[in-house]
Amino acid sequence: MSQFRKSRPFNGGRPVRNYQNRGGSQNRRQPKKAYIHPSKFVQSASPQTEQVYVPEHSFKDFALVEIIKTNLDAMNYQHPSPIQDQAIQPGLEGKDIVGIANTGTGKTAAFAIPVLNRLITERASKAIILAPTRELAEQIEQQCRVIGRGSGLDGVLLIGGVPMGPQLRDLKNNPRIIIGTPGRIKDHLTRGSLKIKDCNIAVLDEVDRMLDMGFVHDITHILSNTSTDRQGYYFSATLDARVRDVINKFSNNVTHITVKSGDTSSNVEQNIVMHNAQNKLDKLHDILIHDSTSKTIIFDDTHRLVEKLSKELAVRGFKTEAIHGGKSQSQRKNALKKFKNNEVTVLVATDVAARGLDVSDVTHVINYSLPQSYDDYVHRIGRTGRAGKIGNALTFIDEKVER
Ligand code: AMP
């Protein structure tokens, strides 16, 4: 049984080699990249002095069950973040919520607190939470576990890259909180191991990313199978027409909350590195040996290129790990842990694997290959320059192409 009162992971699944990577397009032919003029990769950092947000509420003001209040205290959550300040109350009132917020704003607790409170107080309620990547789904599961500790709620984490067996076992306990990625959740629905007709709470986290990753049909299929009398939470960094379309399909009366977080790229010193086929790796080497380069994420296009680059850098004496969708979940987790602990200082990654990564002290992001779009670029460089620090982003440009 996977309960919030225990501290072991939801599923004890071992990694398998034949993982499933529904979200990753990395082994398929990549779509043609949008042309981005190199001047867009050059910008001085102009750190914004962050305005101090004065929350309207304290956690004590919300009608939360004691157990959640105690857990928030133990987590040292003293003041609600802006998104929490604005989303928790309407969430507790049962409203549908659209939250426009980035990772790092406290958005997970903004939905987890009202969702868990409702599950604890209404025995018949059930929740389903969808996230674009396994890592994000795991992070959500961990936060729910901590916020709901001691409540006795059962949950299940349904992500790809791990065997079905433990998930099937956990599902037999009729968990009341289902967290996962759209691909694996749809697989369970298809094989009949998951029933969500009685899910009356649905959370879509990072809707824009899920759409980027081609999950539109899976999301629609999953949500259409939940209760029609459903409270919806929709979180997204952007609210474009596609995101609006999805939300409009499932809710007609939403409370909008936008958290203006400063443009992360304003904290990032951005520049380009001109290279040719002969000197590309040496140029990267020179950057990595520089004193100021203490923790770096390098982006490259495909599984194969990421592996190759990581190995080449290891041969040159750098402590590296590779992270991409071709690795099992536990390998990805392990690589990330080593990077977070500074056991390795260079992480070579594909875009999909790096999505939602929350590592606070990355000094450099290096675009060894060009991003697919400017949007992806902004997302990549948002991995550095966090928590008020100045970050650096360097983009490799081929001399032959740009003359
Ligand atoms: P998120 O945006 O949900 O990924 O949260 C970013 C980080 O902020 C996580 O490490 C949370 O544990 C932390 N966090 C969220 N809300 C609060 C809060 N009210 N007080 C302190 N830390 C928080």
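The model described here is a predicted one. In it, N267 belongs to the loop that runs between strand β7 (254-258) and strand β8 (268-275). A polar atom of the N267 side chain lies 3.4 Å from the backbone oxygen of G385.

With a relative accessibility of 21%, M75 counts as partly exposed. Leaving aside residues up to four places away in sequence, M75 touches V146 and I147. The C-alpha atoms of M75 and V146 are 8.0 Å apart in space, although 71 residues separate the two in sequence.

The helix pairs come next. Two packed helices are described by the angle between their axes and the distance between the axes. These values are set out below for two pairs.

| Helix pair | Axes come within | Crossing angle |
|---|---|---|
| α3 (residues 107-121) and α4 (residues 134-147) | 10 Å | roughly 50° |
| α5 (residues 164-172) and α6 (residues 182-191) | 12 Å | roughly 65° |

The crossing in which α3 passes α4 is right-handed. On the α3 side the contact is made by T108, A109, F111, A112, I113 and L116, and on the α4 side by I140, Q143, C144 and I147. Sorted by class, the contact of α3 with α4 holds 8 nonpolar and 2 polar residues, with no charged residues. I147, which takes part in this contact from α4, is also one of the residues that M75 touches.

For the second pair, the axes of α5 and α6 come within 12 Å and cross at roughly 65°, and the two helices are therefore roughly perpendicular to each other. The crossing of α5 and α6 is right-handed. Helix α5 contributes M164, Q167, L168 and L171 to the contact, while helix α6 contributes R184, D187, H188 and R191. By class, the residues of the contact of α5 with α6 divide into 3 nonpolar, 2 polar and 3 charged.

Technical notes: Residues numbered from 1 in each chain as written. Predicted model: local features only at pLDDT ≥ 70, side-chain atom pairs only at ≥ 80, totals over all residues. Heavy atoms only, no water. Helix = DSSP H or I, 4+ residues; strand = E, 2+ residues; numbered from the N terminus. Polar contact = N/O pair within 3.5 Å; in protein donor to acceptor, adjacent residues only side chain to side chain. Axes fitted to C-alpha atoms, helices over the stretch in contact; angles between N-to-C directions. Left-handed = near helix turned anticlockwise from the far one by under 90°. Contact = heavy atoms within 4.5 Å. Nonpolar A, V, L, I, M, F, W, Y, C, P; charged D, E, K, R; others polar. Parallel < 35°, antiparallel > 145°, perpendicular 65-115°, else oblique. Buried < 20%, exposed > 50% of the residue type's maximum accessible area, 1.4 Å probe, protein only.
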